[in-house]
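Biologist: I'm new to this one, could you walk me through it?
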Amino acid sequence: WFTGSPDTLDGPAAPNDLQHAAHSAGTPVRPVTQNGVLVPGTRIGDFQIEGLAGEGGLSRVYKARQLSLDRIVALKVTPEPEDDRTSRDEGRNMAALVHDNIVPVFSQESVSGFEILAMGYVAGPTLCELLDVITHVGRSKLSGARCVELLQNLCDTAADDDHQRTAPTPGRFVQFAGGLIRDLARALVHAHQKGILHCDVKPA
């Protein structure tokens, strides 16, 4: 394995090595935006934007690839404020939470005038999207098994096949809904035990 590796003084010896070196360098590239949204393919730090996943009042969340580790992440991108203490506290607080139903935090850094927070990527629809479908179908016609079927259909259209998804087990509608609330409540209890109060929990 050693004889096939590139000479680090002379630079990479093969095209594949060049590609790896470019991915590993981690040098920030000026982000390309369209209407304020980072364009797919844009490199920001160690991440390459694949698409917009969601947005809030101050931040946007992108599906991105972490190039050095070749994995998909959710990348929260916020314009860097003059006083960045609050955003850094957010990353530290989130990193303290280790729970099956809380998205893990991988890293946080300032790049090209942005504060970026890399988190685990959860493929699939939001609860808001599922509720929209349930409203359209009509709750009176739904069983737990039918809800799971609708959720799976949403996952098939919204998620990547190479990411593991979890869905509630079939059962009565009340059991199905109760399972979702139970998982959310357990996550919030864990956060509260760590002294963190989440004030923006919503189906979207």
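Modeller: What follows is a short tour, from the overall layout to single residues. This is a predicted model, in which local features need pLDDT of at least 70 and side-chain atom pairs count only at pLDDT 80 or more, while totals for chains, interfaces and linings use all residues. Residues are numbered from 1 along each chain as its sequence is written, and side-chain values use heavy atoms, with hydrogens and water left out.

Biologist: OK, how many helices and strands does the chain have?
Modeller: The chain has 5 helices and 8 strands, where helices (H or I, at least four residues) and strands (E, at least two) are DSSP runs numbered from the N terminus. Starting at the N terminus, the order is α-β-β-β-β-β-β-α-β-β-α-α-α.

Biologist: And what share of the residues is buried?
Modeller: Of the 204 residues in the chain, 28% are buried; buried means under 20% relative accessible area, exposed over 50%, and partly exposed in between, with a 1.4 Å probe and protein chains only. The chain exposes about 13,300 Å², and carbon and sulfur atoms supply 54% of that area, as given by the Shrake-Rupley method with a 1.4 Å probe, where for residues only the protein chains shown count as cover.

Biologist: Switching to charges, how many salt bridges does the structure hold?
Modeller: The structure holds 8 salt bridges, each being a side-chain nitrogen of Lys or Arg within 4 Å of a carboxyl oxygen of Asp or Glu. In one of them, the side chains of Lys76 and Glu90 meet at 2.5 Å, N to O. That pair links distant parts of the chain, with Lys76 in strand 6 and Glu90 in helix 2 (residues 85-95), 14 residues apart.

Biologist: Is Lys76 buried or exposed there?
Modeller: Lys76 counts as buried at 18% relative accessibility, whereas Glu90 is partly exposed, with a relative accessible area of 29%.

Biologist: What does Arg65 pair with?
Modeller: Arg65 forms a salt bridge with Glu50, and their closest N and O atoms are 3.4 Å apart. This pair also links distant parts of the chain, since Arg65 is in strand 5 and Glu50 is in strand 4 (residues 47-55), 15 residues apart. Another salt bridge joins Arg182 and Asp183, with the closest N and O atoms 3.1 Å apart. As for networks, salt bridges that share partners join Glu50, Arg65 and Asp70 into one.

Biologist: Where is Asp70 found?
Modeller: Asp70 is in the loop between strand 5 (60-66) and strand 6 (71-79), and it is exposed, with a relative accessible area of 54%. Its phi is near 50 degrees, a positive value in a residue other than glycine.

Biologist: Now rings: how many aromatic pairs are there?
Modeller: The structure holds 0 aromatic pairs. However, Arg71 lies over the face of Phe106, at 3.9 Å from the ring centre; a charge sits over a ring if NZ of Lys or CZ of Arg is within 6 Å of the ring centre and within 35 degrees of the ring normal.

Biologist: Last one, which residues does Ile196 touch?
Modeller: Ile196, which is found in the segment after helix 5, is in contact with Asn93, Leu97 and Ala191, leaving aside its neighbours within four places in sequence; contact means heavy atoms within 4.5 Å. The C-alpha atoms of Ile196 and Met94 are separated by 8.8 Å, although these residues are 102 apart along the chain.

Conventions: Phe/Tyr/Trp six-rings, centres within 6.5 Å; stacked < 30°, edge-to-face > 60°.
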